[in-house]
Amino acid sequence: MHNPIIAALDVPAVETAVKLVEHLSPVVGAFKIGSELFTSAGPDVVLMIRTTGSAVFLDLKFHDIPHTVAKAVAAAVRLDVQMLTVHTSGGLAMLQAAERAARDTARSLDRPPPLVLGVTVLTSLDSQELREVGSDAHVGRQVERLASLAVQAGLRGLVCSPLEIAALRQSLPAEIKLVTPGIRIGPQSADDQKRTLSPREALEAGADWLVIGRPIYAAQDPRAAAEGILATLAP
Ligand code: C5P
């Protein structure tokens, strides 16, 4: 089994991120760089992590006109990231442009294309807020609609909440990779996550990758925390 843990590096300073990567790279499967770290540290932080041999998930959730998103995806592929995110609400043409840019750029560099992951409905939105932006107020239905649009566009993966995994596994082709945040272990604090599953529950429901932030990086000993999570996944 591959190591399904993606450690989110939700820290502002490059030094903190690099220290976490040094401690964690033997015990996690990939590192996620989000808007905070990328905006403060820049693309160098991606290159730095890649020199350790670890996989990088660049979570910048691109959402723009197709041409611009394609250019951004191509730039991410040149940084040699293994996963990246786009908003599925950007529409079919934008999603197709993102996937095409990922494949074409990777081919020109002779490396495997990254997994372009579609983000459906942000878990921070409730039905009232969905209605306010003119969307179907039924979260599940809107997730299903956007997920099927992503698959139609040729995307090979999606980000989803733990509670959406089972339904999406039923409706999507089996080869679609599902990446889920909102993972909590035992009696741990849920922080601001409203819908959580344990790592084992999420994998059993059909997740391929688990994005884990605070339970690892905010732990007193992040390496021990990651090892503890891995141990809960052993058969
Ligand atoms: O600290 P925690 O484990 O809650 O971090 C989860 C990570 O997953 C964060 O980087 C957060 O931005 C991301 N995420 C999320 N919920 C989503 C999408 C992404 O928590 N719906």
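Ile6 sits opposite Val211 in β8. This is a predicted model, in which local features need pLDDT of at least 70 and side-chain atom pairs count only at pLDDT 80 or more, while totals for chains, interfaces and linings use all residues. Residues are numbered from 1 along each chain as its sequence is written, and side-chain values use heavy atoms, with hydrogens and water left out.

Strand β1 covers residues 5-8 and pairs with β8 (residues 209-212) in the parallel sense, over three bridges. Pairing takes at least two bridges found by DSSP; strands are DSSP runs of E with at least two residues, helices are runs of H or I with at least four, and both are numbered from the N terminus. β1 also pairs with β2 (residues 30-34), again parallel and over three bridges, and here Ala8 stands opposite Lys32. Side chains in a regular strand alternate between the two faces of the sheet. In β1 both faces are covered: Ile5 and Ala7 on one side, Ile6 and Ala8 on the other, are all buried (under 20% relative accessible area, with a 1.4 Å probe and protein chains only).

Turning to the helices, α1 (residues 14-24) packs against α11 (residues 222-233) at about 45°, with the axes 9 Å apart. Leu20, His23 and Leu24 of α1 meet Pro222, Arg223 and Ala226 of α11, where contact means heavy atoms within 4.5 Å.

Methods. Axes fitted to C-alpha atoms, helices over the stretch in contact; angles between N-to-C directions. Buried < 20%, exposed > 50% of the residue type's maximum accessible area, 1.4 Å probe, protein only.
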